[in-house]
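I opened this entry to record what I looked up in the structure shown below. The notes follow the order in which I consulted it.

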Amino acid sequence: MSTAAKKVVDARGLSCPGPITNLTKAYRDAKNGDVLEIWATDPGFKSDIKAWIERTKNELVDLREEKDKIVAIVKITAKK
Amino acid sequence: MLSRLSIILYSGTDDKLIPVGVIAQGAAALGMDVQIFVTGWALTKFTKKQSNPVWPKEFENMVPMLMEGMKKNNAPSWVEMVKEAKSMGAKVYACSLMASVMGLKKEDFNELIDDVVGVATFLQQAEGGQTLFI
């Protein structure tokens, strides 16, 4: 059995829909139990990450706005 | 949850091609099944022959500001966005009638076009999903 991985997806500086695109690409290589931490500066990302979670049925562990970026922590639970 | 987004792309001006790129890429990133049916003036933007950007006359004086803003926000070109959408599974089809009307054959189109299809194929694939006419 392989162990869960944690990966940072740095999408800072990318405009919409760059951050969710990079998340989707990272998601392809992820497996259940993995945690993806996405960094973004696009102001639309805060609502877009919620839409992505709703659609893909993964788990949003944390979503916070830091001084210089928005950080979303996603736990992968919906991989088939 | 698999859902479908179909875009009928008719306009050939770059101000309308940009949102097509954004919506297609965004929908593909959400895991939607995306297809773009290219017809009308938009076909001229998908040929191997390089074409210059076309802007609507009434907004032409705002184009430099728009381009500057796109650059400052690191926004990719609409072609790059359509490519991204395709890398996530989106399909792009050219309308067979308008292609014939414009004298365009399959080999005249660039690599963005997956196939030349008729309207029935498009409608069949669009059934049950959302469809946008742009």
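This is a predicted model: local features need pLDDT of at least 70, side-chain atom pairs count only at pLDDT 80 or more; totals for chains, interfaces and linings use all residues.

Backbone of chain A. I looked up Lys57(A), which has 9 C-beta neighbours inside 10 Å and therefore counts as exposed. Lys57(A) has a positive phi of about 65°, although it is not a glycine. I located Lys57(A) in the loop between helix H2 (45–56) and strand E3 (59–65) of chain A. I then found a cis peptide bond from Cys16(A) to Pro17(A), with omega near 0°. Pro17(A) belongs to the loop between strand E1 (6–11) and helix H1 (18–29) of chain A. Most residues other than glycine have a negative phi, and most peptide bonds are trans.

Backbone of chain B. I noted a positive phi near 60° for Asn74(B), a residue other than glycine. Asn74(B) sits in the loop between helix H2 (63–72) and helix H3 (78–87) of chain B. Asn74(B) is partly exposed, as 13 other C-beta atoms lie within 10 Å.

Fold of chain B. I recorded five helices and five strands, in the sequence pattern β-α-β-α-α-β-α-β-α-β. Of its 134 residues, 32% count as buried.

Interface. I found twelve residues of chain B in contact with twelve residues of chain A. Helix H1 (residues 14–29) of chain B gives the most to the chain B side, with four residues. That side divides into six nonpolar, five polar and one charged residue.

Methods. Residues are numbered from 1 along each chain as its sequence is written. Chains are lettered from A and ligands numbered from 1 in the order in which they are written. Two residues are in contact if their C-beta atoms, placed from the backbone, lie within 7 Å. Helices (H or I, at least four residues) and strands (E, at least two) are DSSP runs, numbered from the N terminus. Ala, Val, Leu, Ile, Met, Phe, Trp, Tyr, Cys and Pro count as nonpolar, Asp, Glu, Lys and Arg as charged, and the others, Gly among them, as polar. A residue is buried if 20 or more other C-beta atoms lie within 10 Å of its own, exposed if 12 or fewer, and partly exposed in between; C-beta atoms are placed from the backbone.
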